[in-house]
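Hi,

Here is the structure I promised to pass on. Have a look at it first, and then read on for what I found.

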Amino acid sequence: MDKNTLSITDNRTGKTYSVAVSDGTIRTMDLRQIKTDAEDFGLMGYDPAFMNTASCRSAITFIDGEKGILRYRGYPIEDLAETCSFLEVAYLILHGDLPTEDQLNEWADQVRHHTMLHETTKKFLEGFRYDAHPMAMFVSTVAALATVYPDVRKVLDPEVRARQIARLVGKVPTIAAYCYRHSLGYPYVYPDNDLSYTENFMNMLWKMVEPKYSANPALARALDVLFILHADHEQNCSANAMRAVGSSQADPFLATAAAAAALSGPLHGGANEEVLKMLDEIGSVANVPAYVEKVKAGKGKLMGFGHRVYKNYDPRARIIKWTADRVFEVTGRNPKLDIALELERIALQDEYFVTRKLYPNVDFYSGIIYKAMGFSPDMFTVLFAIPRTVGWLAQWQEMLTDPEQKIARPRQIYTGQETRKVVPLEKRVAHAVV
Ligand code: CMC
């Protein structure tokens, strides 16, 4: 018997089946042959929230959640954060290898070429209320870009795809900065293509009347490192949204907007904003034990803690802590850090968190750095979305070029009513509204 198989005996019929095992998985379509009779649809897998289902084969990001390992295209995140720029890492994620100097220059040129927004997009931004949430503005404006580029729908053309990728990577910092300036009522600042990706972003955020913006190098490097850490994270909620929406061959601006919408939720990228709200609510180091008890009693979650895949310290959180020290040397130490450190100290010793393997994730410390840099919490998730756009696009491209992929279309177990007759309106009785 082939060792790389799984034998399944269906006790309903007494029949035994052999199913191939490869890469530690079985294909759930192989279960379909398992039927009780000819009328039976065949066995399916039931896996709400994809707890144990691989939806694709991917060569982009590797995570070992038990050991706390994260690699992009085989390179440990620690090495990339220490030695590379964000645009180098973006190239790596999108193309599979680190660029040579020439390739990097060409890639940086392409991105620079696409940093401007069409003037109509600026006007579009003007339509948002002064207090609109920046993430909602970001999602809507990314989607609105689909109206500006007529070629955007040709998703099966590799050249067109490459152009949209450069466009999106070039434009998301501009959109993010314009959302920020809109919230403050400041005039928009045009991109400055003399500057690096991150420095230009800072220029568009913070330039006032000075003729040329000059970024603090330590803060620019910290932001670059944060962008590297957030660039991809395999099949998370937003990457899954990107792939699912992109699988219908929707254009990449709309698919990216969908992915960004998924990111905005408090259980995903929106957690960084929630962490700051939580630290504000706790107020002081002395209040930490009581807050932890409240969480253990089921009253809320410790935001920035826990992860579906990491059952160990999130390696990104470790690098972020180190980055925070570099930032605080410039901005001064944020007092919220002490509350966060105490929360982490208490939680990591507490049986509730230890037995559930709940560790700080990437969002736990990133918000404290962003706050120290001068961002308000509602901008934090937008800062996550800028670099993650690279990951979404890499996932999208991989999905479209994978011959095994089709339109994403899960199955369901129907739990509703059997066929019913429509009762005329005047004869209906009221039911509890669900
Ligand atoms: N605080 C307190 N308890 C928690 C937390 C938390 N942050 N996270 C999970 N738990 C408990 C949960 O209540 C459950 O307990 P029990 O077994 O008694 O029912 C157990 O741990 C397992 O949790 P789960 O909800 O089944 O785990 P999940 O894999 O479905 O959820 C998560 C993962 C990230 C959504 C969740 O840990 C969470 O909500 N964390 C807070 C939000 C957060 O920080 N999100 C950012 C994730 S990292 C950045 C990103 O990729 O977006």
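Between domain 1 and domain 2, seven residue pairs are in polar contact, counting pairs with both residues at pLDDT 80 or more. That cut-off applies because this is a predicted model, where side-chain atom pairs count only at pLDDT 80 or more. Salt bridges between domain 1 and domain 2, on the other hand, number zero.

To place the two parts in the chain: domain 1 covers 69-269 + 381-400, while domain 2 covers 271-373. Their C-alpha centres are 26 Å apart. Domain 1 brings 26 residues to the contact and domain 2 brings 22 residues.

How much area is buried between domain 1 and domain 2? The figure is about 2000 Å², and carbon and sulfur atoms give 68% of it. On the domain 1 side, the residues that lose the most area to domain 2 are Leu219, Leu226 and Leu229, and together these three make up 24% of what that side buries.

Now to the ligand. Both domains take part in the shell around it: domain 1 and domain 2 each supply at least three residues. By type, the shell residues divide into 10 nonpolar, six polar and four charged. There are 20 residues around the ligand, and the ones that come nearest are His268, Lys301, Leu302, Gly304 and Arg308.

- His268: an N or O atom in its side chain is 2.4 Å from an oxygen atom of the ligand.
- Leu302: a polar backbone atom of this residue is 2.7 Å from a nitrogen atom of the ligand.
- Arg308: an N or O atom in its side chain is 2.7 Å from an oxygen atom of the ligand.

As for cover, the ligand taken alone exposes 940 Å², and the protein buries 73% of that.

Happy exploring, and write back with any questions.

Best wishes

Terms used
Residues numbered from 1 in each chain as written. Predicted model: local features only at pLDDT ≥ 70, side-chain atom pairs only at ≥ 80, totals over all residues. Heavy atoms only, no water. Near = heavy atom within 4 Å. Polar contact = N/O pair within 3.5 Å; in protein donor to acceptor, adjacent residues only side chain to side chain. Areas by Shrake-Rupley, 256 points an atom, 1.4 Å probe, with all protein chains shown as cover. Nonpolar A, V, L, I, M, F, W, Y, C, P; charged D, E, K, R; others polar. Domains from an automatic or database assignment. Contact = heavy atoms within 4.5 Å. Buried area = accessible area lost by both parts, 1.4 Å probe. Salt bridge = Lys/Arg side-chain N within 4 Å of Asp/Glu carboxyl O.
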